[in-house]
Amino acid sequence: VTASIVNNDGSSNMNKYSMSLLAAATLVAGAAQADDFSIGGGLDYMYSDMDGSAQHVNRDFSSNSLWTTYVDFRHPLLMVPNVNFQATDISSDASGFDNKLRTYDFAFYYSPLELDTLTLNTGLNFRRYDGELKSENKNYSDDSIMLYGAAETLIPGTDLGAFADARVAHWDGDHSHDWKIGVSYVVFPEDVLKFKVRAGYRNLRVNYNQDSVQLDQHMDNWF
């Protein structure tokens, strides 16, 4: 379940980066922006089982609490992307294995469609992995580029809405993804500070192979 407050006050190779630059150029071509400045933030919680492998061994991972904090900043400046920041704790443990991992996602996006009841966002997400493999006394970190997309709609005449967003990488052996879909409700729609609650389903995969650290882990559940 998520609660959020919104203030509407007026080692990678050249092919990856070439693809990313091409995507960025395509996004700039038809960008549309918000009519005013707004900032929102929130907290997601999900309790989920985990399956997959770590250090090339299939493991029986313990169930984990998955916490995510996020901040979204929108503005009316032409050709300058909006920004969505997300930080997630994806730590895991099993017999003989203990891994502390956080991901930091910076999505730079445009809104090619922005209506009163429907908004579509598309852009690039820059992810930072920051981990500590405690079972081997090893720190590790790496950066990854992902595609980003999101949509949000409001049912006319109500305070109910639906949303979806996704971060996806599928190159250089990195097949990570993080997507969620759900419904939302604005509790105080007439206030300048709008309090919103939301719930939905999240599916997340971490595919990491750097610094002699191998992770291929999957989680999914309701949040």
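Colleague: Which residues does R202 touch, not counting residues up to four places away in sequence?

Modeller: In this predicted model, R202 touches M46, L66, T68, Q86, T88, D178, W179, K180, M219, D220, N221 and F223, with residues up to four places away in sequence not counted.

Colleague: Where does R202 lie?

Modeller: R202 is part of strand β13, which covers residues 193-210.

Colleague: Is R202 buried or exposed?

Modeller: R202 counts as buried, because its relative accessibility is 2% and the cut-off for buried is under 20%.

Colleague: What does the side chain of R202 make a polar contact with?

Modeller: The partner is the side chain of D178, at 2.8 Å. D178 is also among the residues that R202 touches.

Colleague: Stepping back, how many helices and strands are there in the protein?

Modeller: The protein has one helix and 14 strands. It has 223 residues, and 39% of them count as buried. Its accessible surface comes to about 11300 Å², with 59% of that belonging to carbon and sulfur atoms.

Colleague: What about the largest nonpolar core: which residues have the most contacts inside it?

Modeller: Those are I90 and L215, in a core of 20 residues. The elements that give two or more residues to this core are β8 (97-114), β9 (118-133), β13 and β14 (213-222). As a general point, nonpolar side chains tend to be buried together in soluble globular proteins.

Colleague: Which residues is L215 in contact with, leaving aside neighbours within four places in sequence?

Modeller: L215 is in contact with S53, A54, F97, N99, L101, Y140, V206, N207 and Y208.

Colleague: One more residue, S63. Where does it lie?

Modeller: S63 is in the loop between β4 (57-58) and β5 (64-74). At 29% relative accessibility, S63 counts as partly exposed.

Colleague: Which residues is S63 in contact with, leaving aside neighbours within four places in sequence?

Modeller: S63 is in contact with Y47, S48 and D49. With D49 there is also a polar contact of 2.4 Å between the side chains.

Colleague: And what separates the C-alpha atoms of S63 and S92?

Modeller: The separation is 8.3 Å, although S63 and S92 are 29 residues apart along the chain.

Conventions:
Residues numbered from 1 in each chain as written. Predicted model: local features only at pLDDT ≥ 70, side-chain atom pairs only at ≥ 80, totals over all residues. Heavy atoms only, no water. Helix = DSSP H or I, 4+ residues; strand = E, 2+ residues; numbered from the N terminus. Buried < 20%, exposed > 50% of the residue type's maximum accessible area, 1.4 Å probe, protein only. Polar contact = N/O pair within 3.5 Å; in protein donor to acceptor, adjacent residues only side chain to side chain. Contact = heavy atoms within 4.5 Å. Areas by Shrake-Rupley, 256 points an atom, 1.4 Å probe, with all protein chains shown as cover. Core = buried A, V, L, I, M, F, W, Y, C linked by side-chain atoms within 4.5 Å.
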